[in-house]
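The exercises below are to be worked with the sequence and the model open side by side. Each task is followed by a solution in steps.

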Amino acid sequence: MRQKRASKAIKKAKYQSMLNTGGRHKRVITPKYRQAYEYLQSHTYAATQLKFNLSKSTLYRIKRQINNKKQPINMPQSYDASRGDLDEQ
């Protein structure tokens with residue numbers, strides 16, 4: 001049974017490795033994407049789409065990825081007393 005599971009895992013890994021060969025992960029922010037992001041700061045999505053030949057969803061993804069990278073991971077969470085986070089009575 002263990003051998004069957006191992007052979008299935010090997011077949012699946014081989015199949016997965018054949019998918020999207022020659023490509024790159026979507027998480028990679030290329031120099032072209034950085035230029036598009038900088039251009040997007042002072043232009044509209046439509047203008048950026050035309051100039052860089054990227055879809056709007058790609059521009060949204062680039063913007064989200066770059067903005068998420070700028071924020072430190074271990075930021076202390078801010079508390080809002082009006083929201084009821086602090087129990088001061």
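**Exercise 1.** How are H3 and H4 oriented to each other: roughly parallel or roughly perpendicular?

Solution. The model is a predicted one.
Step 1: take the two elements, helix H3 at residues 45-52 and helix H4 at residues 56-70.
Step 2: read off the geometry; the packing angle is about 105° and the axes are 10 Å apart.
Step 3: apply the cut-off, by which angles of 65 to 115 degrees count as roughly perpendicular. H3 and H4 are therefore roughly perpendicular to each other.
Step 4: list the residues that form the contact. H3 supplies Tyr45, Thr48 and Gln49, while H4 supplies Lys56, Leu59, Tyr60 and Lys63.
Step 5: sort them by class, which gives three nonpolar, two polar and two charged residues.

**Exercise 2.** Work out the orientation of H2 to H4 and describe the contact between them.

Solution. 
Step 1: helix H2 spans residues 31-42 and packs on H4 at an angle of about 90°, with the axes 10 Å apart.
Step 2: that angle makes H2 roughly perpendicular to H4.
Step 3: on the H2 side, the contact consists of Tyr33, Arg34, Ala36, Tyr37 and Leu40. On the H4 side, Thr58, Leu59, Arg61, Ile62, Lys63, Ile66, Asn67 and Lys70 take part.
Step 4: by class, the contact of H2 with H4 holds seven nonpolar, two polar and four charged residues.

**Exercise 3.** Is phenylalanine 52 buried or exposed, and which residues does phenylalanine 52 touch?

Solution. 
Step 1: locate phenylalanine 52 in helix H3.
Step 2: its relative accessible area is 11%. Buried means under 20%, so phenylalanine 52 is buried.
Step 3: leave out residues up to four places away in sequence; phenylalanine 52 then touches Lys32, Gln35, Ala36 and Tyr39.
Step 4: check one of these partners along the chain. Tyrosine 39 is 13 residues away from phenylalanine 52, and their C-alpha atoms are separated by 9.4 Å.

**Exercise 4.** Summarise the protein chain as a whole.

Solution. 
Step 1: the chain has four helices and zero strands, in the order α-α-α-α from the N terminus.
Step 2: of its 89 residues, 17% count as buried.
Step 3: the accessible surface comes to about 8200 Å², and 52% of this belongs to carbon and sulfur atoms.
Step 4: among contacts with a separation of 6 or more, 36% join residues 24 or more positions apart.
Step 5: the mean pLDDT is 81, with 72% of residues at 70 or more. Confidence is lowest in helix H1 (residues 2-18), at a mean of 86, and highest in H3, at 95.

Methods. Residues are numbered from 1 along each chain as its sequence is written. This is a predicted model: local features need pLDDT of at least 70, side-chain atom pairs count only at pLDDT 80 or more; totals for chains, interfaces and linings use all residues. Side-chain values use heavy atoms; hydrogens and water are left out. Axes are lines fitted to C-alpha atoms, for helices over the stretch in contact, and angles run from 0 to 180 degrees between N-to-C directions. Angles under 35 degrees count as roughly parallel, over 145 as roughly antiparallel, 65 to 115 as roughly perpendicular and the rest as oblique. Contact means heavy atoms within 4.5 Å. Ala, Val, Leu, Ile, Met, Phe, Trp, Tyr, Cys and Pro count as nonpolar, Asp, Glu, Lys and Arg as charged, and the others, Gly among them, as polar. pLDDT is the predictor's confidence in each residue, from 0 to 100. Buried means under 20% relative accessible area, exposed over 50%, partly exposed in between (1.4 Å probe, protein chains only). Accessible areas come from the Shrake-Rupley method with a 1.4 Å probe; for residues, only the protein chains shown count as cover.
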